[in-house]
Protein chains: 2
Amino acid sequence: MDTTLFFLFLIACSAAGATGAAFPPGAWYDTLRKPWFTPPDWAFPVAWTTIYLLISFAGARVAVVEGNAYALAFWAVQAGFSTLWTPLFFGLRLIRNSLFAMAPLWLAVLGCTVTHFQLDFWAGLAFVPYLAWVTVAAALNVAMWRLNPDVPPLRRS
Amino acid sequence: MDTTLFFLFLIACSAAGATGAAFPPGAWYDTLRKPWFTPPDWAFPVAWTTIYLLISFAGARVAVVEGNAYALAFWAVQAGFSTLWTPLFFGLRLIRNSLFAMAPLWLAVLGCTVTHFQLDFWAGLAFVPYLAWVTVAAALNVAMWRLNPDVPPLRRS
């Protein structure tokens with residue numbers, strides 16, 4: 001694996017990671033009604049850090065393989081939408097409309113998993129935890145919308 | 001050019017584009033002191049739409065070329081950081097700290113331009129307006145920080 005490529009993909013992940021620091025859950029999130037399968041707070045940074053390392057490894061693997069067009073296009077889509085979701089949900093408190101970022105994110109991660117597997121077994125495998133995690137995240141997002149129908153978006157002055 | 005790839009890269013751009021709709025400049029931006037070279041408001045959506053179309057074309061071109069590893073890794077980095085900047089600047093009003101997104105974005109677009117030119121002349125050329133625009137955007141960001149030293153970040157309740 002080309003380490004420079006690995007770090008370049010990790011830098012791409014750091015844009016999404018930065019949104020977690022810039023838009024922390026905080027007191028508002030604590031007040032939300034949550035479904036029974038909500039992971040504990042500590043699991044989120046652990047899961048995301050693991051995922052960022054794994055998909056940077058995956059990106060660096062497929063980047064040097066011929067025929068990587070769709071794999072890296074899907075990789076770029078997940079980079080954009082994983083950076084978009086947090087500002088919508090935690091920044092603007094758009095519990096429902098953040099699904100417009102979550103849905104493309106889920107599809108992009110599914111696309112990544114399939115196309116990475118087609119090129120390289122280990123790269124595909126490295127996307128499986130991400131696919132599992134965004135599936136949980138999408139279910140959480142839907143459940144929180146259904147459980148908190150009257151929670152308004154943030155009013156910005 | 002593979003049209004499906006073009007649209008996949010355009011979807012990646014739409015994550016960044018959505019931040020412009022979710023975090024519009026509004027009254028706060030109007031109150032900021034701005035440098036003489038600030039483009040008129042209408043120029044921003046026009047410029048970004050043009051850039052998204054051009055770099056989706058560029059991505060689709062280099063995605064099918066062998067040796068595209070660095071070009072598409074840089075493409076993913078710009079996808080992440082172009083989605084990050086708007087929520088920091090317009091969402092949290094972090095006039096200074098949004099430079100921590102602008103600086104990697106500028107470097108990523110420079111990296112894209114160089115690596116796309118190495119693979120394909122037209123793909124490289126398609127990144128030149130983006131490089132010019134983020135250079136202006138970075139200069140604007142720095143100038144607005146210097147001209148508005150006392151404007152506080154948004155206080156979130």
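Predicted model: local features only at pLDDT ≥ 70, side-chain atom pairs only at ≥ 80, totals over all residues.
**Stop 1**

**Stop 1: the interface**

Select the residues of each chain that touch the other. The selection holds 39 residues of chain B in contact with 39 residues of chain A. The size of an interface is often given as the accessible area lost when the parts come together. Here chain A and chain B bury about 3100 Å² between them, and 72% of that is on carbon and sulfur atoms.

How many salt bridges are there between chain B and chain A? The count is zero. Polar contacts do occur: three residue pairs meet this way across the interface, with both residues at pLDDT 80 or more.

Now keep chain B in view and show its helices. Helix H1 (3–22) and helix H4 (69–91) of chain B each supply at least two residues of the side that touches chain A. Which element gives the largest share of that side? H4(B) does, with 17 residues. Coloured by class, the side of chain B that touches chain A shows 27 nonpolar, eight polar and four charged residues.

**Stop 2: a residue in H4 of chain B**

Stay on helix H4 of chain B and select Phe90(B), which is found there. Is Phe90(B) buried or exposed? Phe90(B) is buried, because its relative accessible area is 10% and the limit for buried is under 20%.

Show what surrounds the residue. Leaving aside residues up to four places away in sequence, Phe90(B) touches Arg156(A) from chain A, and from chain B Phe23(B), Pro24(B), Pro25(B), Trp28(B), Tyr29(B) and Trp85(B). For a distance to check in the viewer, take the C-alpha atoms of Phe90(B) and Phe44(B): they are 14 Å apart in space and 46 residues apart in sequence.

**Stop 3: the salt bridges**

Side chains of opposite charge can pair when their charged atoms come close. Over all chains the count comes to two salt bridges.

Begin in chain A by selecting Asp120(A) and Arg61(A), whose side chains meet in a salt bridge at 2.8 Å, N to O. Asp120(A) sits in the loop between H5 and helix H6 (121–147) of chain A, and Arg61(A) sits in helix H3 (residues 43–63), so the pair ties together parts that are 59 residues apart in sequence. Asp120(A) counts as buried at 13% relative accessibility, while Arg61(A) counts as partly exposed at 27%.

Next go to chain B and select Asp120(B) and Arg61(B). Their side chains form a salt bridge, again with 2.8 Å from N to O. Asp120(B) lies in the loop between helix H5 (99–119) and helix H6 (121–147) of chain B, and Arg61(B) in helix H3 (residues 43–63), 59 residues apart. At 13% relative accessibility Asp120(B) is buried; at 27% Arg61(B) is partly exposed.

**Stop 4: a threonine in H5 of chain A**

Select Thr113(A), placed in helix H5 (residues 99–119) of chain A. Thr113(A) counts as buried, with 6% relative accessibility. Residues up to four places away in sequence aside, Thr113(A) touches Gly124(A), Phe127(A), Val128(A) and Leu131(A).

**Stop 6**

Most residues other than glycine have a negative phi, and most peptide bonds are trans. Select Arg93(A), in the loop between helix H4 (69–91) and H5 of chain A. What is the phi of Arg93(A)? Phi is near 55°, a positive value in a residue other than glycine. Arg93(A) is buried, with a relative accessible area of 12%.

In chain B, Arg93(B) is in the loop between H4 and H5. Phi of Arg93(B) is near 60°, also positive. The relative accessible area of Arg93(B) is 12%, so Arg93(B) is buried.

**Stop 5: Pro40 of chain B**

End with Pro40(B), in the loop between helix H2 (26–31) and H3 of chain B. Pro40(B) counts as partly exposed at 41% relative accessibility.

Conventions. Residues numbered from 1 in each chain as written. Chains lettered and ligands numbered in written order. Heavy atoms only, no water. Helix = DSSP H or I, 4+ residues; strand = E, 2+ residues; numbered from the N terminus. Buried < 20%, exposed > 50% of the residue type's maximum accessible area, 1.4 Å probe, protein only. Contact = heavy atoms within 4.5 Å. Buried area = accessible area lost by both parts, 1.4 Å probe. Salt bridge = Lys/Arg side-chain N within 4 Å of Asp/Glu carboxyl O. Polar contact = N/O pair within 3.5 Å; in protein donor to acceptor, adjacent residues only side chain to side chain. Nonpolar A, V, L, I, M, F, W, Y, C, P; charged D, E, K, R; others polar.
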